[in-house]
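Q: Could you take me through a structural model step by step, showing me how to read each kind of feature before we apply it?

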Amino acid sequence: DKVEEEYERIDQLRSEFLIHNEEDKSYKVKFCHNDLNNLNIFHQPEVILIDYEYSSYNYVYYDIANFFN
């Protein structure tokens with residue numbers, strides 16, 4: 001089945017990427033929000049993030065830079 005093969009391929013690429021990231025800590029790739037802005041952050045007694053539709057693995061500093069863009 002083509003869909004199953006594609007899922008296996010994506011999973012393999014993800015695994016290879018994460019292994020590479022573990023070997024070279026300078027990448028600092030983690031699971032990120034990828035859409036941080038004032039509309040997606042609620043400031044109540046604690047900070048609550050919403051709108052995770054763009055979430056995926058990315059460079060940690062992308063979220064920080066994107067927030068100030």
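The dialogue below goes from the overall layout to individual residues.

Q: What kind of model is this, and how many helices and strands are there in the protein chain?
A: This is a predicted model, and the protein chain holds 2 helices and 4 strands. Read along the sequence, these elements follow the pattern α-β-β-β-β-α.

Q: What percentage of the residues count as buried, and how much accessible surface does the protein chain have?
A: Of the 69 residues in the protein chain, 17% count as buried. The accessible surface comes to about 5,900 Å², and carbon and sulfur atoms account for 57% of that area. As for contacts within the protein chain, among those with a separation of 6 or more, 55% are between residues 24 or more positions apart.

Q: How do I read a pair of aromatic rings, and how many aromatic pairs are counted here?
A: Two quantities describe such a pair, namely the distance of the ring centres and the angle of the planes. The count here comes to 2 aromatic pairs. In one of them, the ring centres of F31 and Y57 are 5.6 Å apart and the planes stand at 85 degrees, so the pair is edge-to-face, since an angle over 60 degrees is classed that way.

Q: Where do F31 and Y57 lie?
A: F31 belongs to strand β1 (residues 29–32) and Y57 to strand β4 (residues 56–59), so the pair ties together parts that are 26 residues apart in sequence. F31 counts as exposed, at 55% relative accessibility, whereas Y57 is partly exposed, with a relative accessible area of 36%.

Q: Which residues form the other aromatic pair, and what is the angle between the planes?
A: F67 and F68 form an edge-to-face aromatic pair, with 5.1 Å from centre to centre and 90 degrees between the planes.

Q: Which residues form a nonpolar patch on the surface?
A: The patch consists of Y61, I64, F67 and F68, which together have about 460 Å² of accessible area.

Q: How should I read a salt bridge, and which residues form one here?
A: The idea is to look for a side-chain nitrogen of Lys or Arg within 4 Å of a carboxyl oxygen of Asp or Glu. By this rule the count comes to 1 salt bridge, which R9 forms with E6, their closest N and O atoms being 2.9 Å apart. Both residues lie in helix α1 (residues 2–23), where they are 3 residues apart, about one turn of the helix. R9 is partly exposed, with a relative accessible area of 45%, and E6 likewise counts as partly exposed, at 39% relative accessibility.

Q: Is S55 buried or exposed, and which residues does it touch?
A: S55 counts as buried because its relative accessibility is 17%, and a residue must be under 20% to be classed as buried. S55 lies in the loop between β3 (47–49) and β4. Leaving aside residues up to four places away in sequence, S55 touches F31, C32, H33 and N34.

Q: What lies 3.1 Å from a polar atom of the side chain of S55?
A: That is the backbone oxygen of Y52, a residue that also lies in the loop between β3 and β4. Y52 counts as partly exposed, at 47% relative accessibility. The C-alpha atom of Y52 is separated by 9.4 Å from that of L36, and these two residues are 16 residues apart along the chain.

Q: What is the phi of D51, and where does D51 lie?
A: D51 has a phi near 65 degrees, again a positive value in a residue other than glycine. The place of D51 is in the loop between β3 and β4, and D51 counts as partly exposed, at 29% relative accessibility.

Note on methods:
Residues numbered from 1 in each chain as written. Predicted model: local features only at pLDDT ≥ 70, side-chain atom pairs only at ≥ 80, totals over all residues. Heavy atoms only, no water. Phe/Tyr/Trp six-rings, centres within 6.5 Å; stacked < 30°, edge-to-face > 60°. Buried < 20%, exposed > 50% of the residue type's maximum accessible area, 1.4 Å probe, protein only. Contact = heavy atoms within 4.5 Å. Areas by Shrake-Rupley, 256 points an atom, 1.4 Å probe, with all protein chains shown as cover. Patch = residues over 30% accessible without salt bridge, like charges linked within 9 Å, V, L, I, M, F, W, Y side chains within 5 Å. Polar contact = N/O pair within 3.5 Å; in protein donor to acceptor, adjacent residues only side chain to side chain.
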